[in-house]
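These are my notebook entries on a structure that is new to me. I set down what I looked up, entry by entry.

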Amino acid sequence: MNGPRIDYAAVFRALPGMMALLTPDLVYADVNEDFAQLTGRSREQLLGRHIFDVFPENPGEPAAAGMRETRTSMVRVLETGERDTMALLRYDIEDPWRSGHWEEHFWSPVNAPVLGPDGEVALIVHRVEEVTELIRARGGRGDSDRTRVLEAELYTRARELQEVNERLRRAHAREREVALTLQGAMLPTPGPVGHHRAAVRYRPAIGGLNVCGDWYDLVDLPGDRIAVAVGDVVGHGLAAACVMGQLRSALSAAARVADGPARALEALGLYARSVDGAESTTVAKAFIDWDGHTLTYSCAGHPPPALLRPDGTVTFLDRATDPPLGVSPEHVLRSEATVPFTEGATLVLYTDGLVERRTEDIYTGLARLADSLARHGQTDPEALADGLLADLLPSGGNTDDTALVVIRL
């Protein structure tokens with residue numbers, strides 16, 4: 001048996017509470033009777049007009065943010081296709097009969113998507129509950145039945161916000177789990193480098209995922225030798241981390257067959273041409289030969305490694321620095337330099353997050369690094385790495401990713 005034919009347009013207009021339908025351009029497609037009545041506008045004054053043309057923000061309230069918050073919520077619905085429950089907000093309305101006279105109003109809004117056949121948002125359901133009376137009642141005007149109804153409504157909205165926040169927390173926990181897995185795969189704890197002591201540190205920028213475009217790598221070579229590198233991909237987050245993982249693996253492989261750091265970086269430069277997002281990556285690469293007590297290095301646009309000698313002096317290895325990867329359309333032959341070292345010296349490779357600050361030139365940061373090295377130089381690599389981070393990273397959290405390698409020579 002078929003039920004009665006339902007006129008959904010009539011149902012919508014008769015719904016209790018303020019309801020409006022907006023197009024993806026935020027133009028009124030329809031409003032119910034309560035919406036027209038409580039806003040003091042007729043349907044003819046609303047339909048076909050942009051929401052913020054009908055309801056501009058009160059120019060006399062410079063701290064008001066009702067328009068911005070409402071637009072942000074609606075854009076979020078359009079982008080995600082999910083309901084968005086807004087927090088209580090003030091949004092004053094101009095008296096339709098007295099131009100320039102604004103009436104104070106407080107609202108509890110909810111915006112929900114209506115999906116079209118293609119799965120895209122076709123309409124936004126804009127449901128608002130006016131809570132001005134409740135706010136004023138709470139300001140000392142006493143309780144009423146209407147106040148209790150509004151309190152119950154606000155309680156419902158608060159529960160919805162709690163549910164949204166819980167979903168966000170679960171999504172963030174999942175995102176962090178993915179990030180930690182990626183970090184473990186792309187930046188594993190380095191294995192032993194013979195009898196030599198080394199420490200590595202990795203710090204993503206504050207507020208980001210626990211992955212970034214900075215990396216380190218240590219590779220055992222035949223004889224009493226190792227290759228060590230640090231690199232920095234432009235950008236942050238998962239995209240930069242994916243590029244980093246490709247470049248790190250390629251350089252690690254190249255170091256095992258190249259006859260020096262310059263040739264390894266040349267091979268990496270050729271490979272980087274095929275990797276989207278690898279342009280302007282910087283890398284510092286060094287081959288350490290303990291039998292010959294020599295250190296051979298090459299830098300592709302990267303801050304110079306620091307060599308801390310046993311007497312406390314610090315030398316920055318800056319005699320073999322060439323452009324970053326991918327900045328030249330032609331293949332670039334890279335330079336390298338060799339310096340001797342004595343037992344007990346310390347090699348420090350790092351990315352620019354350790355030394356660069358937006359308000360300073362690079363030399364100020366390098367001087368700060370040299371001072372910290374001289375102060376902590378007699379400690380073991382693990383303690384030295386911790387001391388450098390404590391001295392050089394901002395106390396409020398680093399705003400750039402940082403990778404650090406400390407090796408006792």
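**Entry 1: strand 12 and its neighbours**

I began with the pairing of strand 12 and strand 13 (residues 294-300), which are antiparallel and share 6 bridges. The model is a predicted one, and I read every value below with that in mind.

**Entry 2: strand 19**

I next asked how many residues of strand 19 (residues 402-408) are buried. The count is 7 of the 7, and therefore strand 19 is largely enclosed by the rest of the structure.

I recalled that side chains in a regular strand alternate between the two faces of the sheet. I therefore listed strand 19 by side: Thr-402, Leu-404, Val-406 and Arg-408 lie on one side, while Ala-403, Val-405 and Ile-407 lie on the other, and all are buried, so both faces are covered.

Which strands pair with strand 19? Strand 9 (residues 198-203) pairs with strand 19 in the antiparallel sense, over 6 bridges. In strand 19, Ala-403 is the residue opposite Tyr-202. Strand 18 (residues 346-350) is joined to strand 19 by 5 bridges, again antiparallel. There, Val-406 of strand 19 has Val-348 opposite.

I looked up the salt bridges and found that the structure holds 12. I followed Arg-201 through two of its contacts.

Arg-201 forms a salt bridge with Glu-382, with the closest N and O atoms 2.7 Å apart. This pair links distant parts of the chain, since Arg-201 belongs to strand 9 and Glu-382 to helix 11 (residues 381-392), 181 residues apart. Arg-201 also forms a salt bridge with Asp-386, and here the closest N and O atoms are 2.9 Å apart. Asp-386 is likewise in helix 11, and 185 residues separate this pair.

Is Arg-201 buried or exposed? Its relative accessible area is 13%, so Arg-201 counts as buried under the 20% cut-off. Glu-382 is partly exposed at 38%, and Asp-386 is partly exposed at 40%.

**Entry 3: helix 1 and strand 2**

I then checked a salt bridge between Asp-30 and Arg-13, whose side chains meet at 3.9 Å, N to O. Asp-30 is in strand 2 (residues 28-31) and Arg-13 is in helix 1, so that the pair, 17 residues apart, links distant parts of the chain. Asp-30 counts as buried, with 11% relative accessibility, whereas Arg-13 is partly exposed, with a relative accessible area of 30%.

In helix 1 (residues 8-14) I also found Tyr-8. Tyr-8 counts as exposed because its relative accessibility is 59%, over the 50% limit. Tyr-8 contributes to a nonpolar surface patch of about 380 Å², together with Ile-6, Val-11 and Leu-15.

**Entry 4: helix 8**

Does the length of helix 8 agree or disagree with its residue count? Helix 8 (residues 237-257) has 21 residues, which at 1.5 Å a residue should span 30 Å; the end C-alpha atoms are 31 Å apart, and I recorded agreement. I also noted buried residues of helix 8, among them Gly-237, Val-243, Met-244, Leu-247, Arg-248 and Leu-251.

**Entry 5: cysteines**

How many disulfides are there? The count comes to 0 disulfides. Cys-242 counts as partly exposed, with 38% relative accessibility, while Cys-299 counts as buried, at 0%.

Technical notes
Residues numbered from 1 in each chain as written. Predicted model: local features only at pLDDT ≥ 70, side-chain atom pairs only at ≥ 80, totals over all residues. Heavy atoms only, no water. Pairing = 2+ DSSP bridges. Helix = DSSP H or I, 4+ residues; strand = E, 2+ residues; numbered from the N terminus. Patch = residues over 30% accessible without salt bridge, like charges linked within 9 Å, V, L, I, M, F, W, Y side chains within 5 Å. Areas by Shrake-Rupley, 256 points an atom, 1.4 Å probe, with all protein chains shown as cover. Salt bridge = Lys/Arg side-chain N within 4 Å of Asp/Glu carboxyl O. Buried < 20%, exposed > 50% of the residue type's maximum accessible area, 1.4 Å probe, protein only. Disulfide = S-S within 2.5 Å. Expected span 1.5 Å × (residues − 1).
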